[in-house]
Amino acid sequence: MLNKQQRKLKRTSRLISVLAKYGFKDIVSRIGGQNDQKTNFSDESNTQNTVYERIRMALEELGPSFVKIGQAFSNREDMLPKEMIAELQNLQDRVEVQDLDLDSVLEEQLSINILDIFQSLDRKPIASASIAQVYKGILKDGSPVVLKVKRQGIQEVIEDDLLLMKDLAKILNTYFEFAQHLDLNKAIATFEKSLLTELSLVQEKENIQKFAFNFKNNKNTYVPKVYEELSNNEVLCMEFIDGVKVTDLEGLKSYELNPEIIADRGLQLFLAQILDYGFFHADPHAGNILVKPDGRVVFIDLGATGTIFPQDKELLENFIINFISKRPRKLIEVIKKMAVEIDIKDERKLENDLQEVLDFVHSASLENIDAGFILNKLRAILMENKVNMPEYFYLLVRGISLIESVGRKINPNMDLVKSIEPYVKKIMLKRISPGYLYNKGIKRVEEITEHIDVLPREISSVLLKANEGSLILNTEVKNLPKTNNIIQRGFQDLILALILCANMVATAILWVGKAEPLVGNISVLGIIGIVINIIIIFILVLRILRKR
């Protein structure tokens, strides 16, 4: 068996051979130099096709990992030329069926006797992908199942490919300016994380179970059952879904289903994954969405998923609210909080660019609103301003583009913005609920307490410097009476705001705790608290308007 270094040399040799075949002699010469290899170029190298066609052909020949990273870049209109995007979108997993002794693999991996478990088992795969092959069978109790079985040796192949990609990225970044613009190192790191997660069938099993828990009370979707006793990291046994592909109009017609309803149902389910649960399918293309005869939508192949953590979820909600409400200034504030890295040179230009996108979304006719175009335009604006968003944001952009394109194939009039609006209302209602205000108030009290804990130390530090004579104050006061008036009014507003916050927390506690006296199930004291809150808010608004 070859060791890691030998496998890497073998893959490097193949990489050089493929790149030379498609005419990328500059890159090959750099690789050859890096590896102390003498490179001979064949006169038969392909230079007749365009450079973008040759890139696509080379990726397909290099194998599944390179195809997948090409597919990952296929929606980056903000980074790559249109001609290259078109070629990358044509990338196909040209994976040959691996000749597999299925019985031996299952018996070895699951420690079972095939005849004891299965009534029948098809040895010919019904689907073959880069990571696994899928087989159909029937259990002894008559339940139809599918078995996802990982390709033999795929772990080593992918590990070798990833090492090779990193070496190739290093060479491209060193010698070619275009590669620095693409930020290949970061792209490959993100791709590696995603691919290794997708490689774990245990992770996919847990993803399915999490989806099942999230949507257990939803009548519009169905999550396949997982047979844990017949699953491990090499084999995943799931319930077989009897249904048609979501874009199969004839199939939907045979089930007497309305395509427009199915399109909206699929979109609403995807939005629920994002906004209700913060856990979503990261690759919702048409092949991964089935429809059962009763109209329930089924998301399959849950190896690739995205997660939004609670603190990020609230920021994402703010982003959506301000996007729908056409508030570019507020949108910039949210983006600053969401971003991992940010370097905005001209904030005014950024605001104008965002306003242009928002105006287009709200003024364009339904058939002209392309979610993919809008999201890529937004991503291009962020990139121009060197705004690096968290990983989940880019997965979301890709997912929304895919689900919208799927929906438009069966309902050309589907309106993404209109579909999001009910969620905006739901978010706003949630934020004025007593429970939300109570939790928010508790968090604010905790933050104030933390500041109070720090304040004595800060004051002591200032007093110590004053005693030592090392405290320096730089002041310049102009128009002192006016300044005093502003400070006085500011303190008054601050006191009112603190009273409002305290009263909100107290009101939420009274409301949730149903403090007596009660009118039905409603606390009278809670109602009084809400009235007081409204009065204070009204006073604060009047004071702000008077200042203006």
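How many residues of strand β4 (residues 144-150) are buried? Six of its seven, so the strand is mostly covered, where buried means under 20% relative accessible area with a 1.4 Å probe, protein chains only.

These legends go with a predicted model, where local features need pLDDT of at least 70, side-chain atom pairs count only at pLDDT 80 or more, and totals for chains, interfaces and linings use all residues. Residues are numbered from 1 along each chain as its sequence is written, and side-chain values use heavy atoms, leaving out hydrogens and water.

**View 1. Strand β4 and its partner β3.** Strands here are DSSP runs of E with at least two residues, numbered from the N terminus, and two of them pair if DSSP finds at least two bridges between them. β3 (residues 132-139) runs antiparallel to β4, with seven bridges joining them. Gln 133 has Val 149 of β4 as its bridge partner. Four residues sit between the strands of this hairpin, and Gly 142 takes a positive phi near 90 degrees.

**View 2. Strand β4 and its partner β5.** β4 also pairs with β5 (residues 235-239), antiparallel again, over five bridges. Here Val 145 stands opposite Glu 239 in β5.

**View 3. Helices α14 and α19.** Helices are DSSP runs of H or I, at least four residues. The axes of α14 (residues 310-324) and α19 (residues 416-431), lines fitted to C-alpha atoms over the stretch in contact, come within 10 Å and cross at roughly 120 degrees, on a scale from 0 to 180 degrees between N-to-C directions. Among the residues that meet (heavy atoms within 4.5 Å) are Ile 320 and Ile 321 in α14, and Val 424 and Met 428 in α19.

Note on methods: Buried means under 20% relative accessible area, exposed over 50%, partly exposed in between (1.4 Å probe, protein chains only).
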